[in-house]
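Dear colleague,

I am passing on the structure we spoke about, which you will find just below. After it I have set out what was found, chain by chain, and I would be glad if you read the notes with the model open beside them.

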Amino acid sequence: MISSDVIRGYTDIMILCLLLNQESYGYEISKQIKVISEGKYELKETTLYSAFTRLEKSNFIESFHGGQTHGKRRTYYRITWAGREYYREKCIEWKLTQEVVGKFIREENEDGGN
Amino acid sequence: MEAIRNYLDSMFLSLPRTAEILQMKEDLLMNMEDKYNELRLEGRSENEAIGIVIAEFGNIEELARELNIDLEQPNNVPMVDLVEAEEFVDNKKKSGVLVAAGVFLCITGVAMLLLISSVNIFQILGYGFSSASLSLAGIIVLLLFVAVAVGLFIYSGTLVEPYKYLEGEFYLNSQAESYAKTQKELFRNRKTYILISSVLLFILSPVSIFITSMFDNQGIQILGVVFLLLMIAVGVTRLIIMGNTEEAFNILLQYRRTFKKGKG
């Protein structure tokens, strides 16, 4: 399990990525994240809905009511154009971050020289 | 499943009941129930499944922060318990009685004005008074009645003043809620009875004028008008008391309505 503090900044990317091809709803998204991360990362409900709130306020996603299941209406989410743009920027940012931080990641035994 | 709902209820207790937040709560409940059902299908026990679902809920403060709600603020939504609900209903009833008494005084004040200015006709006190001085006396009595009525109105206002916060957002605990519901239910028959009897009184009140107009006596005719006013006064008084009692229950029970914006 990954410490949630570190990865929290990237939940936006994960959610947007899952919404790129299809609209979805809360539980489906959190399940997919669990599956794709091979169980190494599991979103808490409140983390997921904080992200929804944040992304919707920034107009990166929009919510709508889906059909009824058991007489209740689920909230579905779809990504907006601004959201796709933001996703692309975040991906570039992540690659850069990975590249920079990667330069400082050494295995313990490599470190021996200094 | 009930445990999950209760848990969610308690988590959302500190958040305002806006449409946005209630929808979010509904969504979260559905997610948690889905998760619970899946865990059960995987063969987990009921307690285990509930435990996992609750453990994976997270932290309500995280959500509140994103919604710009300050949970640190001393509980912005007051909770009404049974004692407070009973006190409110009691005071609201008392306030209704006082308002009704005030209105009664205003109407009977007019009746008094009528009676006093017609003292000559009744020949009770002889003919010694000029009509101007009788009118003046009548008006003074009317004003006295109205003054007392105004005092009653103001005092009735102070009785319900401490409960002004019920106009905004509040929570009713389950005891208080069932109290308000049963009392309202019990009050229903009485309400119908008061409504019908008051309306009957209003409809019948002109009868006193019809009857007294048959007499060729001005004094009796004036008494007819006075009687009409009294009947109306009684009807209005009953309606006001009834309305206030009914309103007390309705105010308590409307706490479930949603609010457009967070804090009121």
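**What was found**

In chain B, 80% of the contacts with a separation of 6 or more are accounted for by residues 24 or more positions apart. Please bear in mind throughout that this is a predicted model.

Chain B has 264 residues, of which 23% count as buried, and its secondary structure consists of 9 helices and 2 strands. Starting at the N terminus, the order of these elements is α-α-α-α-β-α-α-α-β-α-α.

Helix α5 of chain B, residues 82-117, and helix α8 of chain B, residues 174-213, have axes that come within 8 Å and cross at roughly 35°, and the crossing of α5(B) and α8(B) is right-handed. On the α5(B) side the contact is made by B:L82, B:A85, B:E86 and B:V89, while α8(B) contributes B:Q175, B:A176, B:Y179, B:A180 and B:Q183. Sorted by class, the residues of this contact between α5(B) and α8(B) are 6 nonpolar, 2 polar and 1 charged.

As for chain A, 25% of its 114 residues count as buried, and it holds 5 helices and 3 strands, which follow the pattern α-α-β-α-α-β-β-α along the sequence. Among the contacts in chain A between residues at least 6 apart in sequence, 53% join residues at least 24 apart.

Where the two chains meet, 14 residues of chain A are in contact with 19 residues of chain B. On the chain A side, the elements that give two or more residues are α3 (26-36), α4 (45-57) and β3 (72-79) of chain A, and α4(A) gives the most, with 7 residues. By class, this side of chain A has 2 nonpolar, 6 polar and 6 charged residues.

Finally, a word on confidence. For the complex, the predictor gives an ipTM of 0.82 and a pTM of 0.55. The mean pLDDT of chain B is 87, with 92% of its residues reaching 70 or more, but over residues 260-264 of chain B the pLDDT stays under 50, although the model has 10 contacts beyond four places in sequence for them. Where pLDDT is low, the predicted coordinates should not be read in detail.

With best wishes

Note on methods: Residues numbered from 1 in each chain as written. Chains lettered and ligands numbered in written order. Predicted model: local features only at pLDDT ≥ 70, side-chain atom pairs only at ≥ 80, totals over all residues. Contact = placed C-beta atoms within 7 Å. Helix = DSSP H or I, 4+ residues; strand = E, 2+ residues; numbered from the N terminus. Nonpolar A, V, L, I, M, F, W, Y, C, P; charged D, E, K, R; others polar. pLDDT = per-residue confidence, 0-100. Axes fitted to C-alpha atoms, helices over the stretch in contact; angles between N-to-C directions. Left-handed = near helix turned anticlockwise from the far one by under 90°. Buried ≥ 20, exposed ≤ 12 C-beta atoms within 10 Å, placed from the backbone.
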